[in-house]
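Trainee: I would like to learn how the words used for a structure follow from the values behind them. Could we go through one slowly together?

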Amino acid sequence: MKKIFLLLTLVCSFCIGCSNDSDKISVISEYEIPRDCKADVEDGKVIIINNKKDFKKAFADSYDSKQLKDMNFNNANLLVVSGVSPNQISKMSKQFLSVDGEYKLAITIEETMATALEPWTVGYLVPKDMKSSDVKLTIKYIQY
């Protein structure tokens with residue numbers, strides 16, 4: 001009986017010691033932003049949004065903002081990069097890497113010859129402790 005009580009005490013103390021941090025993300029994943037949805041943030045800068053108020057403010061003027069998925073800012077932050085292509089975008093590729101403790105985000109935008117200012121926004125769900133200064137950003141425009 002003493003062994004059962006001791007085992008039960010250990011299990012309970014383990015459960016009490018656990019926090020709800022297990023819900024927080026540790027893996028970076030892409031956050032789907034519709035093509036016509038542009039965030040109201042400085043072009044070419046990495047911005048970290050960490051609450052619902054700033055999220056709504058960043059996308060308040062965007063035409064497609066109602067199509068954005070709801071965010072749980074208790075578990076993750078939203079990294080946003082926005083810009084405007086001087087030509088029509090034919091393809092956009094993104095690569096987010098963690099190399100030797102550094103984060104690198106490379107965005108390549110392939111453009112057509114058609115002149116048309118085309119806004120774009122990229123989003124990633126990131127861990128709560130990530131700062132915008134942790135991310136090295138490169139944006140490359142290629143015209144075909």
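Trainee: Which residues does Val80 touch, not counting residues up to four places away in sequence?

Mentor: Keep in mind from the start that this is a predicted model. In it, Val80 touches Ala39, Val41, Lys45, Val46, Ile47, Ile49, Thr121 and Val122, once residues up to four places away in sequence are set aside. Val80 itself lies in strand β3, and although Val80 and Ala39 are 41 residues apart along the chain, their C-alpha atoms are separated by 7.8 Å.

Trainee: Why does Val80 count as buried?

Mentor: The word buried is kept for residues under 20% relative accessible area. Val80 has 0% relative accessibility, so Val80 counts as buried.

Trainee: What makes Leu137 count as partly exposed?

Mentor: Here the value falls between the two limits, since buried means under 20% and exposed means over 50%. Leu137 has 22% relative accessibility, and therefore counts as partly exposed. Leu137 is found in strand β5, which covers residues 135–143, and, leaving aside neighbours within four places in sequence, Leu137 is in contact with Gly44, Lys45, Val46, Val81, Leu105 and Ile107.

Trainee: How do you know whether Met113 is buried or exposed?

Mentor: The limit for exposed is over 50%, and Met113 has a relative accessible area of 60%, so Met113 is exposed. Met113 lies in strand β4, and Met113 touches Asn87, Gln143 and Tyr144 when residues up to four places away in sequence are not counted.

Trainee: Tyr124 is also placed in strand β4. What makes Tyr124 buried?

Mentor: The relative accessible area of Tyr124 is 6%, and because buried means under 20%, Tyr124 is called buried. Setting aside residues up to four places away in sequence, Tyr124 touches a list of residues that includes Ile28, Tyr31, Leu79, Lys94, Phe96 and Leu105. The C-alpha atoms of Tyr124 and Ala76, 48 residues apart along the chain, are separated by 9.7 Å.

Trainee: How many aromatic pairs does the structure hold, and why is the pair of Phe55 and Phe59 called tilted?

Mentor: The structure holds five aromatic pairs. In one of them, the rings of Phe55 and Phe59 have their centres 5.4 Å apart and their planes at 55 degrees. Planes under 30 degrees apart would be stacked and planes over 60 edge-to-face, with the rest tilted, so at 55 degrees this pair is tilted. Both Phe55 and Phe59 are buried, and together with Tyr31 and Phe73 they form one aromatic cluster.

Trainee: Why is the pair of Phe96 and Tyr103 called edge-to-face?

Mentor: The ring centres of Phe96 and Tyr103 are 6.2 Å apart, and their planes stand at 65 degrees, so the pair is edge-to-face, given that the limit for that word is over 60. The two residues also carry separate labels for accessibility: Phe96, at 17% relative accessibility, counts as buried, while Tyr103, with a relative accessible area of 22%, is partly exposed.

Trainee: What lines the largest pocket, and which residues lie nearest its centre?

Mentor: The largest pocket is lined by 17 residues, and Ile33, Arg35, Met92, Lys94 and Thr121 lie nearest its centre. About 240 Å³ of space lies in this pocket. Strands β1, β3 and β4 each supply at least two residues of the lining, and by class the lining has nine nonpolar, three polar and five charged residues.

Trainee: Which pattern does the chain as a whole follow?

Mentor: Read along the sequence, the chain follows the pattern α-β-β-α-β-β-β, which comes to two helices and five strands. Buried residues make up 32% of the 144 residues in the chain. Among contacts with a separation of 6 or more, 77% come from residues 24 or more positions apart.

Methods:
Residues are numbered from 1 along each chain as its sequence is written. This is a predicted model: local features need pLDDT of at least 70, side-chain atom pairs count only at pLDDT 80 or more; totals for chains, interfaces and linings use all residues. Side-chain values use heavy atoms; hydrogens and water are left out. On a 1 Å grid over the protein atoms alone, a cavity is a set of points where a 1.4 Å probe fits but cannot get out, and a pocket is an open set with protein on both sides within 12 Å along at least five of seven lines; lining residues have an atom within 4 Å of a point. Grid points are joined across faces, edges and corners, and a volume is the space filled by probe spheres set on the points. Helices (H or I, at least four residues) and strands (E, at least two) are DSSP runs, numbered from the N terminus. Ala, Val, Leu, Ile, Met, Phe, Trp, Tyr, Cys and Pro count as nonpolar, Asp, Glu, Lys and Arg as charged, and the others, Gly among them, as polar. Rings of Phe, Tyr and Trp (its six-membered ring) pair if their centres lie within 6.5 Å; planes under 30 degrees apart count as stacked, over 60 as edge-to-face and the rest as tilted. Buried means under 20% relative accessible area, exposed over 50%, partly exposed in between (1.4 Å probe, protein chains only). Contact means heavy atoms within 4.5 Å.
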